[in-house]
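The sequence and the structure come before the comments.

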Amino acid sequence: MSQTPNNTDTNPIEGIRWDDAGLVPAIVQDANSLEVLMMAYMNEESLRLSLESGQTWFWSRSRGELWHKGGTSGNTQAIVSLHYDCDSDTLLVKVNPEGPACHTGETSCFYREIALQRSVAVPAETAQKPALLTDAERFAVLGELERVIAQREVERPEGAYTTYLFEKGVDKILKKVGEEASETIIAAKNKDNAELRLEISDLIYHLLVLLQERKLPLDEIMEELSARHERPRRD
């Protein structure tokens, strides 16, 4: 009888190929959405701490010290699985994040897109089909984002973009809402759906910041939309 090979390394630290500085890049990925959240570096000690605590620890090259992700902001990352590649020189860490990964308040550090200079044809048979999500899954991110924004207003973590907006006040928030609305219009007029997706995401984020500043719950917006949907149509 053939046996299934065991690809789980019980002592991964010995198998890692560290660079000359004793570091290895670690790619952090959301275990559910599979979105790449961030890339940082680990050394042996931070990898051991990550394995022991079940949360991500890294080595800060700029500060020269260990770094517990979310230790200050509360945006910790619970490790679901940890892999390393075929060359043993890159880690892949799948996590359940407690809040955004980026210090700007964005879910992922990779929120800025470089526009391609030419369109790339994708064969129909290999084109990725959109995932079918339940209504709860489709709008869960809005509830999570609203919660994180509310937490940012209370805690005001240093360096977070959301903190910056709350400290500048409603005029700055309104200015950003206006800017993002204008950029959304431009992207739509340019028929650039990739850019439109990014601009609408930025607009929704800033609208949620505005709702938090005004203490107007997102639930009340959803109730208003629901009430409008239930009213008799005149057309």
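1. A residue is called buried when its relative accessible area is under 20%, exposed when that value is over 50%, and partly exposed in between. These terms are applied here to a predicted model.

2. T76 lies in the loop between strand 4 (65–68) and strand 5 (77–84). Its relative accessibility is 16%; because buried means under 20%, T76 counts as buried. T76 and P97 are separated by 21 residues in sequence, yet their C-alpha atoms are 6.1 Å apart in space.

3. Is V36 buried, exposed or partly exposed? V36, found in strand 2 (residues 36–42), has a relative accessible area of 36% and is therefore partly exposed. V36 also belongs to a nonpolar surface patch, which it forms with I27, M39 and F110. Together these residues have about 330 Å² of accessible area.

4. The volume of the largest pocket is about 1,800 Å³. Its lining comprises 43 residues, of which E35, T107, S108, V141 and S201 are the closest to the pocket centre.

5. Which element gives the most to the lining of the largest pocket? Helix 5 does, with twelve residues. Strand 6 (91–97), helix 2 (135–155), helix 4 (170–189) and helix 5 (193–213) each supply at least two lining residues.

Note on methods:
Residues are numbered from 1 along each chain as its sequence is written. This is a predicted model: local features need pLDDT of at least 70, side-chain atom pairs count only at pLDDT 80 or more; totals for chains, interfaces and linings use all residues. Side-chain values use heavy atoms; hydrogens and water are left out. Patches are made of residues with over 30% relative accessible area and no salt bridge: like charges are joined within 9 Å, nonpolar side chains (Val, Leu, Ile, Met, Phe, Trp, Tyr) within 5 Å. Accessible areas come from the Shrake-Rupley method with a 1.4 Å probe; for residues, only the protein chains shown count as cover. A salt bridge is a side-chain nitrogen of Lys or Arg within 4 Å of a carboxyl oxygen of Asp or Glu. Helices (H or I, at least four residues) and strands (E, at least two) are DSSP runs, numbered from the N terminus. Buried means under 20% relative accessible area, exposed over 50%, partly exposed in between (1.4 Å probe, protein chains only). On a 1 Å grid over the protein atoms alone, a cavity is a set of points where a 1.4 Å probe fits but cannot get out, and a pocket is an open set with protein on both sides within 12 Å along at least five of seven lines; lining residues have an atom within 4 Å of a point. Grid points are joined across faces, edges and corners, and a volume is the space filled by probe spheres set on the points.
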